[in-house]
Amino acid sequence: MADSLGLEELLARVATYAVQAIPAADGAGLTLLCSNRPDNRVEVLAASATFVQQIDEIQYFEVNEGPCITAALEHRTVRSGSLGGEKLWPRFGPRVGRLGVHSVLSLPLLLPGQVVGAINVYAHRKDAFTERAAELGERFAVPAAVAVHNAHVLNQARTLTAQLQTALSTRPVIDQAIGILRARSGGTAEEAFDRLRRISQTENIKLAVVARSIVDEAVRRARARRTGP
């Protein structure tokens with residue numbers, strides 16, 4: 001499935017499956033965490049319903065507290081049946097309760113030595129998730145963690161491949177621009193490349209675009225000299 005779906009689409013599919021697998025669930029969200037960040041920074045969010053997107057916005061970007069954050073930090077399943085009065089998350093709980101969502105089951109997605117992310121399952125009614133629901137959720141989270149991790153690795157590989165292809169396609173024009181700058185200044189290749197990089201950073205333009213403009217300008221000047229009086 002990871003081969004045919006994009007990363008966000010796969011995460012949304014897993015969230016939808018969680019709603020189907022866990023009794024009493026009305027919606028679910030899946031959070032993918034940055035694997036190279038110690039602060040569990042969110043990398044990708046996916047949701048099965050609009051109200052879950054609203055909850056994610058509150059949890060991650062407004063109050064920075066909630067069941068997913070707790071589940072990921074403590075590597076344990078988190079369950080609440082009365083979010084409006086939940087003391088664990090005094091800023092998050094009442095906000096979500098006012099949306100008419102009162103129960104949550106958060107399941108960390110764990111691999112050996114790593115937290116991949118978490119699945120957050122929500123219900124509108126109070127005390128919706130029983131111990132049986134939590135057990136089923138934990139069983140679901142095991143293969144889900146593997147699927148999400150594999151999809152993330154595949155997505156990173158695709159991104160790296162695209163970056164390498166771009167680098168290979170732009171390298172010739174960068175080399176040409178370096179040669180032109182060296183011919184003008186008599187400097188080294190390193191000095192010419194540093195000049196390209198400074199222009200790129202100062203003007204906030206990609207290095208390859210700067211190089212292309214230098215090459216194009218040199219070509220225009222050469223043609224003008226040939227056609228001149």
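Which residue in S5 does Leu111 stand opposite? In this predicted model, the residue facing Leu111 is Gln114 of S5. The pairing between S4 and S5 is antiparallel and runs over 9 bridges. The two strands form a hairpin with 2 residues between them, and Gly113 in the turn has a positive phi of about 75 degrees.

S4 also pairs with strand S3, which covers residues 78-80; these two run antiparallel and are joined by 3 bridges. Within this pairing, Arg79 stands opposite Leu105 of S4. S4 is mostly covered, with 8 of its 9 residues buried.

The largest nonpolar core has 31 residues, of which Leu11, Leu30, Leu109, Ile119, Val121 and Phe129 touch the most other members. Two or more residues come from each of helix H1 (7-21), strands S1 (27-33), S2 (42-47), S4 (103-111) and S5 (114-123), and helix H5 (131-185). H5 gives the most to this core, with 8 residues. Leu11 illustrates the contacts: leaving aside neighbours within four places in sequence, Leu11 is in contact with Leu30, Leu32, Val44, Ala46 and Val148. Another core, of 15 residues, lies apart from the largest one and has Val52, Ile55, Phe92 and Val101 among its members.

At the level of domains, the chain is divided into domain 1, residues 7-158, and domain 2, residues 166-223. Taken over C-alpha atoms, the centres of domain 1 and domain 2 are separated by 48 Å.

The structure holds 11 salt bridges. One of them joins the side chains of Glu135 and Arg139, at 2.8 Å from N to O. These two residues are 4 apart in helix H5, so about one helical turn separates them. Glu135 is partly exposed at 34% relative accessible area, while Arg139 counts as exposed at 51%.

Also in helix H5, Arg171 and Asp175 lie 4 residues apart, about one turn of the helix, and their side chains meet in a salt bridge of 3.0 Å, N to O. Arg171 is partly exposed, with a relative accessible area of 43%, and Asp175 is partly exposed at 37%.

Helix H7 (residues 207-227) holds Glu217 and Arg221, again 4 residues apart, about one turn. The closest N and O atoms of their salt bridge are 3.2 Å apart. Glu217 is partly exposed at 28%, and Arg221 is partly exposed at 44%. Elsewhere, salt bridges that share partners link Arg132, Glu135 and Arg139 into one network.

Notes
Residues numbered from 1 in each chain as written. Predicted model: local features only at pLDDT ≥ 70, side-chain atom pairs only at ≥ 80, totals over all residues. Heavy atoms only, no water. Core = buried A, V, L, I, M, F, W, Y, C linked by side-chain atoms within 4.5 Å. Buried < 20%, exposed > 50% of the residue type's maximum accessible area, 1.4 Å probe, protein only. Contact = heavy atoms within 4.5 Å. Domains from an automatic or database assignment. Pairing = 2+ DSSP bridges. Salt bridge = Lys/Arg side-chain N within 4 Å of Asp/Glu carboxyl O.
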